[in-house]
Amino acid sequence: MHTIDTADPSTLITMTKPELARLFSSGRAGAVPDGRGRGTVLLGTGGLAAQVAARLSYALAWRGKVVSARTARLLNILTPLQVEAIAAMIYKQDSWYDGAPCIVLDYSKTSFVARRIRDEIREIAPGVYLGIVFWGRRHVLDFALDFTC
């Protein structure tokens with residue numbers, strides 16, 4: 001295991017799935033974030049493949065999320081054009097991953113294309129959230145959201 005600066009989401013790219021899992025479990029549900037969060041895709045493999053995936057996904061596809069804590073809704077930020085699409089509802093609930101409280105980003109009633117997706121996030125540093133993506137009940141990917149920039 002290596003030292004990671006959780007306040008800098010780009011350092012999470014080098015973490016493995018077990019390291020990300022431990023970090024998620026040590027996070028807290030905290031307050032629902034508000035504003036624009038810069039996204040980072042985390043493969044959990046460490047190394048070059050994870051770095052390439054994070055850079056390519058940001059450059060070409062997913063850039064983060066715009067969250068309204070007041071309305072408990074969000075939109076994803078997509079493509080270099082920063083299109084805001086694919087809505088989700090936000091609420092607190094126990095995690096499917098470990099049963100502890102988390103913030104759920106639920107697409108089941110707001111998006112046809114992502115209706116089987118459920119994200120769970122926890123704050124790991126002030127304004128920085130680590131997330132798990134579930135497709136159905138299967139954990140398929142991790143991500144970070146940075147609301148400090």
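**Charged pairs and their surroundings**

Modeller: E84 is partly exposed, at a relative accessible area of 39% (buried means under 20%, exposed over 50%, partly exposed in between, with a 1.4 Å probe and protein chains only). The model is predicted, so local features need pLDDT of at least 70 and side-chain atom pairs pLDDT 80 or more, while totals for chains, interfaces and linings use all residues. Residues are numbered from 1 along each chain as its sequence is written, and side-chain values use heavy atoms, without hydrogens and water.

The partner of E84 is R36: the two form a salt bridge whose closest N and O atoms are 2.9 Å apart (a Lys or Arg side-chain nitrogen within 4 Å of an Asp or Glu carboxyl oxygen). This pair connects distant parts of the chain, with R36 in strand β1 (residues 35-42) and E84 in strand β4, 48 residues apart (strands are DSSP runs of E, at least two residues, and helices runs of H or I, at least four, numbered from the N terminus). R36 is also partly exposed, at 40% relative accessible area.

The whole structure holds 5 salt bridges. Another of them joins R122 and D98, with 2.6 Å between the closest N and O atoms. It too links distant parts of the chain: R122 belongs to strand β6 (residues 117-125), whereas D98 lies in the loop between β4 and β5, 24 residues away. R122 is buried, with a relative accessible area of 1%, but D98 is partly exposed at 32%. R118 and E120 form a further salt bridge, at 3.0 Å from N to O, and both of these residues are buried.

For context, the structure contains 4 aromatic pairs (Phe, Tyr or six-membered Trp rings with centres within 6.5 Å; planes under 30 degrees apart are stacked, over 60 edge-to-face, the rest tilted). W62 counts as buried at 14% relative accessibility, and F143 is buried at 3%. W96 and F134 are likewise edge-to-face, because their ring centres are 5.4 Å apart and their planes at 70°. W96 sits in the loop between β4 (83-94) and β5 (101-106), and F134 in strand β7 (residues 128-135), 38 residues apart. W96 is partly exposed at 32% relative accessibility, while F134 is buried at 3%.
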